[in-house]
Amino acid sequence: MWVFYLVALILCITTVRCSNNTTKLIEDSSQSFTERMKTGKTSFIYFGNHVNPTIQLFLDQLEMSADALEDYGISVVKVNCSKETIAKYCTGEKLITKTYLLRGSEVLRSFDIDTVFDVSAIVSHVLFTVLYNEVRYVHTPAELLQVENAAKQKRDVVVGHIPVLGLPEHRALMEAAFVYGTKYQFVQTTGGPLLKHMGIDALSVSKARLWFLHCKDMSRQMDQCPFTPMRKPLDTINIHTFLQLMEAPLVTEANVDPSEVDVLHNHLNVPVLYLFSHPQTQHLDRATAQSLALQLRGEVGVVLIHRDSTDVKTPIQYNAAYRLPQEDVKYFTLNSAEEVMKLLKEELLQDKMVDDEEENEEHWSDLDILDDEVSESVYRDRDLMLDLESITELTSENYQSEVTQNEITVVLFYLKWDAVCMAFMQTYVEVADALEGASGLVLAAVDCGEWTDICSDQNITSFPFIMIYRPMEAPQPYGGMLGTESLQRFILLSQISGPVSLSSSADVLSFLEGDLYSKHADLSPIRVLGLFTSTMDTGVTSFKEAAKLLRGEAILGLFVHREAEKWVEGLSVNLPAVLLSRGSEVSREGYNLPSFSVNDLISLIQRAVSDPFPELTVENLPWYLELEKPLLLLFVGKEERTETSLTEMKHLLSSGSLPSFLPCWIHLGRTPVGRSVLEKYLGFVPPLPALVMSQLSTGGEVFLFPTERPLTAKNILQWLQSVESRDEQPAGVIPDTKWSPPVPFYDFLATMDQEAPGYASQRDPKKKTGAKGGHREQDMTPNQRQTTLSSPKPQAPHKHSEL
């Protein structure tokens, strides 16, 4: 029955005929939600109260997933919290960004909507949770061996390597596990150690793979189960076909001509190899057939034809034959098994569609390890057409008029052939859609591959690059992270002219308390105020210039008045000064001006507004590393001691005992890469919370706070003193590894040296480029990684003709 169920499911997926025009998404009221909790059935539920463009995209995917999950008995539900109030779910930070998988009233798991971003991601994550006790997750060879030993003499094992969760390959594996889970033991892995154990080369670790482990017939516990790899792309149809082939006999024996043989492979559109056997060599022929069948398992069926049967009419000069799907049998004569394998590679396995697909995948698997997920995501989305209606395309004809007629014009300079640019383009479109309709604000883009004159005139040498234009002002470059939230925040803050001139103490109080520009409180609760007693004070002009350059990063105000003195009373600072407010209920901070240099003022303000005890994330880590301070890094998780340890660190920070360190923390639940950082630092993951001191700038030594000691401010301070006096031994050292090409044929500098010795030496990545605005590759943060051009400027402005 399960075979027919899967076939129906495949037809449903591939033909999209299994749903009608009515949506299967259920909208619950408070009463119907309560009744649902009593049924004990599984439901995937989203709670929300308003829709923005990002949420609307998710809701569209949620609605489409309802049809798919209905096949598995799982309801997809939406609750409008603006109409219904449901305790625990329609409150706090859980609202808007969370979805829940419930079985009755029991929460099986919650998901951020960034995790379940489309139908495949929703289905794969939901089924993986539902099948949590059936699908084993393994990471190491030892863990896989335990699964094999438990399965021997009982059932076979299906192992799927899914490098990125939530993609269609992950969904296909989970759907197969749902259907075949009672017959096979399914295993999922995402790590490299297991692949190395199975003999998979490094170039293939970025690809989704599947193996069938033949454990059912294994009797000895010490023997490893032999496995067969699935060589086709991981999708539902290919997995179904592959599993059916694994159930077929290794070699089928027949007493009729090949054209009369009916085997499973014919119905699954798989090539079939026919070998002819003579009575006097039957034992050897059978061994040869078995050997070839093992090598071709999952790709080609093998049939042994006995010539001693009177029903075999094939001429004696032929000793083999093959049949491709939907074609007639072809006969030939070969002298060895090696010739058979050569023929198979040249003839049988040259199915055009599969070959093209595999060739593309192999090509991009090399590129994936070079530019990681960026190139891969661009390649996978190569057929996705972006809606660019909200973005104005600039050309030589309209560039000047566009950047001068609007209050704010945001311009993206990009190259269509650059993977980073095209990956960021999707983010840029999301920001443009979210800000569409904002008064006086236009988001535009310039393709520098076509309009080289514009990019040359603007001195754009790295891509992607964003510039903010305002009439009668110098263009302002955007140097923040290339993410939706960071860019949107910067653009919205850029709408506030800086600095805001305040004329009275009442205005100052409104500014510091956040009442002035209250709608921007979510973007930046921090207010920075320059205090001067007179317009003649030295530094007023510098502060104004610094505020203009910091526009978009913070909200800055200026108070030039004789009453400025009273705002720094009790703060141990003298005018002129900078006053910083982090909110109405937080004590204000005052800073003396180190000098009246614009650059010094910018540096002071940037240090002041930065979080004194930041939570490190992938996005902000590069910025904090630029401070070049030893990291005092607290790793926390969901443990009960997390809040206590964070509080102790804050007490230590407020005492002023850590001026030479950068105290920070990583939550492994929100930033899972922190676990890899710990393993890199120490070689293992200690019990959490764990405090680590990393001296990246002085040899890469790493020190671990003793796990047996309580994490108190006093103990931490004593430990730091022991580290500084060299009484503590390093727990690890970060190796100073060289950045070498991932594969030899991508060593472009070496290739150039072969063609023209010495030519590439001046382009050594350790040396700065000569072009203005260029970057050293090692200076670029992962989020600011840009393509740098070293080619000369074009001789004349023109639009490239299409070749």
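Analyst: Start with pairing. Two strands pair if DSSP finds at least two bridges between them. This is a predicted model. In it, Leu 529 stands opposite Gly 557 in β24.

User: How many bridges join strand β23 to strand β24?

Analyst: There are 6 bridges between β23 (residues 527–532) and β24 (residues 555–560), and the two strands run parallel.

User: What is the strand order in the open sheet?

Analyst: In general, strands of a sheet pair through backbone hydrogen bonds, either parallel or antiparallel. Here 5 strands are ordered β22-β24-β23-β25-β26, with mixed pairing. β22 (500–502) and β26 (589–592) are the edge strands, each pairing on one side only. From one strand to the next, the twist averages 25°. Helix α18 (residues 540–549) packs on the sheet and touches β23, β24 and β25 (577–581). The direction of α18 makes about 165° with that of β24.

User: Now the cysteines. How many disulfides does a search of the whole structure find?

Analyst: The cut-off is sulfur atoms within 2.5 Å. The search finds 2 disulfides. One joins Cys 215 to Cys 225, S to S 2.2 Å. That link is right-handed, with 125° about the S-S bond. Both cysteines lie in the loop between β9 (209–213) and β10 (227–230), so the pair ties together parts 10 residues apart in sequence. Another disulfide joins Cys 448 to Cys 455, S to S 1.8 Å. The link of Cys 448 and Cys 455 is left-handed, at -85°.

Definitions and conventions
Residues are numbered from 1 along each chain as its sequence is written. This is a predicted model: local features need pLDDT of at least 70, side-chain atom pairs count only at pLDDT 80 or more; totals for chains, interfaces and linings use all residues. Side-chain values use heavy atoms; hydrogens and water are left out. Helices (H or I, at least four residues) and strands (E, at least two) are DSSP runs, numbered from the N terminus. Axes are lines fitted to C-alpha atoms, for helices over the stretch in contact, and angles run from 0 to 180 degrees between N-to-C directions. Contact means heavy atoms within 4.5 Å.
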